[in-house]
Amino acid sequence: MKNQIITLSLLMMLFSPIGRADNPPTLSILQVLQLSAKNSPQLSASVLRELAAKKSVDIARSPYFPSVSFGAIDSTGFPASSNSLDVGGLMQSPYRSGYGAGFVAQQTIWDFGRTSHTVAAAQYQTQLEHENTKITEYQIKTLALKTYYECADYRTQESIWGKLSHESSIITKQAINFVDTGQVSIVDKYLAESETEETYTAQAFFKERLKDATKTLATIMNVPENSFTCPMLPHTNVGLPDFSIDMHENPMIKRIAANIKIAEEQLKSEKADFYPKIVADASVGSMQDSRVVDKQAYAVGVGIVLPLFDVASSGKIKRDELLLSGQEQEMSAGQQQVAEQNATYDETINAYSVRLTHLKRELKLANLAFRTAKQRYFSLQGNLIDLREAYRNLVQVQSEIIDTQAQILQASGEKALFNGADI
């Protein structure tokens, strides 16, 4: 109920006229993931397949219940020559004469595990479809998460370059003033203007990338493009919990485990075909007349079927044994794949975390170098080349910090989703 209220409030916020026209809300990563899953037709189709698989469990249980049918027949001529009409019970009796009609009930009393194993296999098939749904959800959310952080990266880069272009325009204005007064060479004017134009180019570039990423993210969430904005990167990690790694919670591992259970139950079911089967048959009805014996309105019988030789069943058992062995090997391969992918995520997170620590130190030095070079140039104690180099160094460090933050957040989120986190 709490999640439904949160989702409803979010949708009202997204689609209200004020939210669209004035100040579109800034979405968190959790809101993006929830909307991308909620509004995905692909995920809805997967859920419907899961519901259909649940109905298969009821179908598999049907042998536990009797089957009842109604039949009617009328025959003449040579007695007992109309059995091919597939009418059972009293109506099939060779002692019947003329017309006959009635109900027939059949019930399996004991099948030595055939039905129970079939039901278990159907239940594990439902679990398999559930894990397929989780994998579909993982794929959708991973794409949404990646696009979200790209969008946040581009917005942050555009904002940073906007501030840098303002700083560059101040430097350019001062350089032009020095040129006009003859204090520096005209080359300073061209260099400063070139640097300013470069910042405008970068800002325009990231603005266009932000526009495309926002459009893509809106398509993934299936919401209007102007109904939200992406956040700045320093705030995008809010709401992502720290998940411990449990390999068995990975949906791909759980899907393989379900396949193993299905193979085991199918093998048990095939082996059960070598055991006897006890069935009961009962019918009630009426007939026009009877031959040889007295006419009765009911018939009841219990029978046992004992298989002695069945080449097909033997072949199915050998086939299912091989399939089960293959599924067990696939589990080992899947566990290795999951471990390798987690190691890759850890490597990315650790490496970029170390890089971010050093970049923050670089940023302090770059800011100090830029302020010193700017002060020296504005007081005519330094040259524009030094200021330009300090400016470019500051730009590079700030841009790398933004990209590094995005890489850490994206890898952390993907790792959580990969290991079955319900976010």
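Close-up 1. At a relative accessibility of 13%, arginine 114 counts as buried, whereas aspartate 273, at 26% relative accessibility, counts as partly exposed. In this predicted model, the side chains of arginine 114 and aspartate 273 meet in a salt bridge, with 3.0 Å from N to O. Because arginine 114 lies in helix α5 (residues 114-180) and aspartate 273 lies in the loop between α7 (251-272) and β3, the pair ties together parts that are 159 residues apart in sequence. The count for the model comes to 16 salt bridges, and two others are taken up in the legends that follow.

**Close-up 2. The open sheet and the pairing of β2 with β3.** Four strands form an open sheet in the order β1-β2-β3-β4, with antiparallel pairing. The edges are taken by β1 (67-75) and β4 (298-305), each of which has a single partner strand, so one side of each is left without a neighbour in the sheet. Direction ignored, neighbouring strands of this sheet are turned by 20° against each other on average. Strand β2 (residues 96-110) and strand β3 (residues 277-290) run antiparallel and are joined by twelve bridges; tryptophan 110 stands opposite isoleucine 278 in β3.

**Close-up 3. Packing of α5 against α8.** The axes of α5 and α8 are 13 Å apart and the two helices pack at an angle of about 10°; with angles under 35 degrees counted as roughly parallel, α5 and α8 are therefore roughly parallel to each other. On the α5 side the contact is made by Tyr138, Glu167, Ile170, Ile171, Gln174, Ala175 and Phe178, and on the α8 side by Tyr345, Phe370, Lys374, Tyr377 and Phe378. By residue class, this contact of α5 with α8 divides into nine nonpolar, one polar and two charged residues.

**Close-up 4. The salt bridge between lysine 374 and glutamate 167.** The side chains of lysine 374 and glutamate 167 meet in a salt bridge, with 2.4 Å from N to O. Since lysine 374 belongs to helix α8 (residues 311-378) and glutamate 167 to helix α5, the pair ties together parts that are 207 residues apart in sequence. Glutamate 167 has a relative accessible area of 19% and is buried, the cut-off for this class being under 20%.

Close-up 5. Glutamate 195 is buried, with a relative accessible area of 7%, while arginine 392, at 35% relative accessibility, counts as partly exposed. Through salt bridges that share partners, Glu195, Glu198, Arg388 and Arg392 are joined into one network.

**Close-up 6. The contact of α3 with α6.** Helix α3 (residues 29-38) and helix α6 (residues 186-221) have axes 7 Å apart and pack at an angle of about 50°, and α3 and α6 are therefore oblique to each other. Val32, Leu35 and Ser36 in α3 meet Leu217, Ile220 and Met221 in α6. The residues of this contact of α3 with α6 divide into five nonpolar, one polar and no charged.

Notes: Residues numbered from 1 in each chain as written. Predicted model: local features only at pLDDT ≥ 70, side-chain atom pairs only at ≥ 80, totals over all residues. Heavy atoms only, no water. Axes fitted to C-alpha atoms, helices over the stretch in contact; angles between N-to-C directions. Parallel < 35°, antiparallel > 145°, perpendicular 65-115°, else oblique. Contact = heavy atoms within 4.5 Å. Nonpolar A, V, L, I, M, F, W, Y, C, P; charged D, E, K, R; others polar. Pairing = 2+ DSSP bridges. Salt bridge = Lys/Arg side-chain N within 4 Å of Asp/Glu carboxyl O. Buried < 20%, exposed > 50% of the residue type's maximum accessible area, 1.4 Å probe, protein only.
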